[in-house]
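Visitor: Please take a close look at the aromatic rings here. What do they pair with, and what surrounds them?

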Amino acid sequence: MRKIKILWVDDEIDLLRAYIIFLEEKGYEVKSANNGADAIDLVKDDFFDIIFLDENMPGMSGLETLNIIKNLDPNVPVVMITKSEEEDIMDEAIGSKMADYLIKPVNPNQILLSIKKNVDQKRLVTRRTTSAYQSEFMKIGMQISDRLTFPEWVELYRKIVFWELELSTSGDSAMDDILRMQKAEANNSFARYIRNNYTDWFGKKQNERPMISPDVFRRKVFPLIDAGQKVLVLVIDNLRYDQYRVFSSVLNDYFHVEEEELYCSILPTATMYARNAIFAGLMPSDIEKYYPQYWEDDDNEGNKNRHEHELMQTQLSRFNKNYKLFFDKITNIKSGKRLTDNLGAIMQSDLSVLVVNFVDMISHVRTEMEMIKELAPNEQAYRSLALTWFNHSSLLDLLRLLSENRVKVVLTTDHGSIRVDNPQKVIGDRETNTNLRYKQGRNLNFGNNKQIFELKNPALACLPSRNLSTSYVFASNNDFLAYPNNYNYYAQYYRDTFQHGGISLEEMIIPVVTLSPKIR
């Protein structure tokens with residue numbers, strides 16, 4: 001293993017020989033210089049993991065040396081050591097992108113701590129994170145094999161996402177692979193749980209089953225407005241729980257989490273079904289029954305959600321809610337630029353609803369453009385790409401304004417997505433829909449594949465039927481459904497893409513979060 005190389009620059013370096021011996025005995029390689037010019041020459045000729053730099057030296061000062069070193073090697077951590085405790089010197093040093101700041105006299109343990117904090121941190125974090133996950137691995141495995149209730153599945157998924165995010169920053173690829181296999185095992189068991197229990201939910205009272213898509217406004221939004229609060233409901237299409245977790249670090253600057261809950265998207269986990277159910281407060285078969293003018297056929301591409309505003313109005317009417325409603329939908333980058341223009345309308349409304357499709361757009365563009373697929377080759381990069389969009393979006397600008405104006409935000413989504421790589425053949429007629437994670441049609445044939453969940457009677461899951469022989473089939477795990485015609489082409493084209501519509505933890509267990517503005 002390569003030794004960590006340290007450069008120590010001090011005009012009294014001979015008096016620090018005991019410190020240097022201490023570090024060398026700890027396994028570090030130390031070079032020294034007694035002035036800024038010699039230090040700069042060393043940096044030009046060699047690579048250092050960390051530099052300790054005296055602030056008060058004759059000739060070239062520590063700050064002057066720091067600026068030149070940073071031009072030569074912007075990434076090297078530099079620790080300033082000084083006798084001065086004056087605030088302006090500290091500010092100037094920190095403004096020069098210094099890694100740490102120590103006041104003389106320093107002791108060996110201070111130096112050692114600074115090295116570990118600035119150089120060894122990633123290695124130490126990786127070792128600790130790996131060790132912690134290893135101790136949790138067996139516990140999670142035992143939970144997966146149990147007969148879990150839905151609340152227990154929620155807590156298990158929270159754990160998996162926690163370790164997914166922890167390990168993604170540790171750099172331990174071996175542990176990443178183990179967690180990925182454990183999540184696949186969990187998804188396999190979760191799919192079995194859904195196949196065995198999903199249709200039973202619809203014969204129960206609402207308080208006897210998990211919270212599902214039609215419950216969101218009734219349970220999470222209406223009580224807030226009835227208590228006199230102004231609320232904006234932000235629906236980010238296709239937002240997974242792990243993506244929300246990385247967004248939350250940004251949101252924390254402006255909001256605190258009043259309540260975070262994970263609820264269950266209905267099947268199919270697709271915009272037409274799940275999002276229409278959220279806004280109508282009804283299951284799809286009831287929307288078709290009571291509001292047929294607002295329900296489109298599954299093969300009506302591009303128009304499946306054009307009546308969301310009207311469906312929201314029907315839900316308000318059914319519950320006798322006379323709120324002043326503002327509703328807007330952002331479906332492309334151009335329309336996203338008008339987000340902050342909505343603030344006036346939001347402030348004049350009791351309930352504001354904003355649908356943002358950008359995360360869903362990322363998943364579709366990643367499928368269609370090889371360059372985007374290379375930018376987001378795995379789950380961690382996919383989260384990073386979504387976070388980059390969020391950090392630079394007009395949506396974040398609007399959220400800042402909402403916090404300043406003390407508007408409460410309920411952030412949620414309609415479904416998540418899963419990365420698929422295992423094609424499964426399915427045969428359907430000409431009217432079968434095109435989604436890769438579920439199919440609706442007549443005479444659907446998928447052989448003896450026990451991983452596919454078939455609903456021969458859609459009414460059991462409150463889904464509409466075109467005719468008496470209509471059925472639904474849902475893919476689970478990381479499978480996707482492909483037709484035998486031109487099978488190899490489509491199997492290759494859609495392998496390693498993010499899809500939704502089927503059964504998985506990522507698609508079905510999704511966040512609904514109440515955010516309260518931080519009062520400044």
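Guide: A charge sits over a ring if NZ of Lys or CZ of Arg is within 6 Å of the ring centre and within 35 degrees of the ring normal. Lys-5 lies over the face of Phe-48, 5.7 Å from the ring centre. Lys-425 is placed over the face of Tyr-487, at 4.8 Å from the ring centre.

A word on the basis. This is a predicted model, in which local features need pLDDT of at least 70, side-chain atom pairs count only at pLDDT 80 or more, and totals for chains, interfaces and linings use all residues. Residues are numbered from 1 along each chain as its sequence is written, and side-chain values use heavy atoms, with hydrogens and water left out.

Now the ring pairs. Rings of Phe, Tyr and Trp (its six-membered ring) pair if their centres lie within 6.5 Å; planes under 30 degrees apart are stacked, over 60 edge-to-face, and the rest tilted. The count comes to 32 aromatic pairs. Take Trp-153 and Tyr-193: their centres are 6.4 Å apart and their planes stand at 45 degrees, so the pair is tilted. Trp-153 lies in helix 6 and Tyr-193 in helix 7 (residues 173-197), so the pair ties together parts 40 residues apart in sequence. Helices here are DSSP runs of H or I, at least four residues, numbered from the N terminus. Trp-153 counts as buried, at 2% relative accessibility. Tyr-193 is buried too, at 11% relative accessibility. Buried means under 20% relative accessible area, exposed over 50%, and partly exposed in between (1.4 Å probe, protein chains only).

Tyr-493 and Tyr-494 make an edge-to-face pair, 4.8 Å centre to centre with 85 degrees between the planes. Tyr-493 is partly exposed, with a relative accessible area of 30%.

Next, a cluster. Phe-217, Phe-222, Phe-279, Phe-319, Tyr-323 and Phe-327 form one aromatic cluster. Contact means heavy atoms within 4.5 Å. Not counting residues up to four places away in sequence, Phe-217 touches Phe-222, Pro-223, Val-233, Ile-278, Phe-279, Met-312, Gln-315, Leu-351 and Val-353.

Phe-217 and Phe-279 also belong to the largest nonpolar core, of 116 residues, and are among the members that touch the most others. A nonpolar core is a set of buried Ala, Val, Leu, Ile, Met, Phe, Trp, Tyr and Cys residues joined through side-chain atoms within 4.5 Å. Helix 6 (residues 150-168) gives the largest share of this core, ten residues. Another core, of 19 residues, lies apart from it and includes Ile-6, Ile-81, Ile-111 and Ile-115.

Note on methods
Helices (H or I, at least four residues) and strands (E, at least two) are DSSP runs, numbered from the N terminus.
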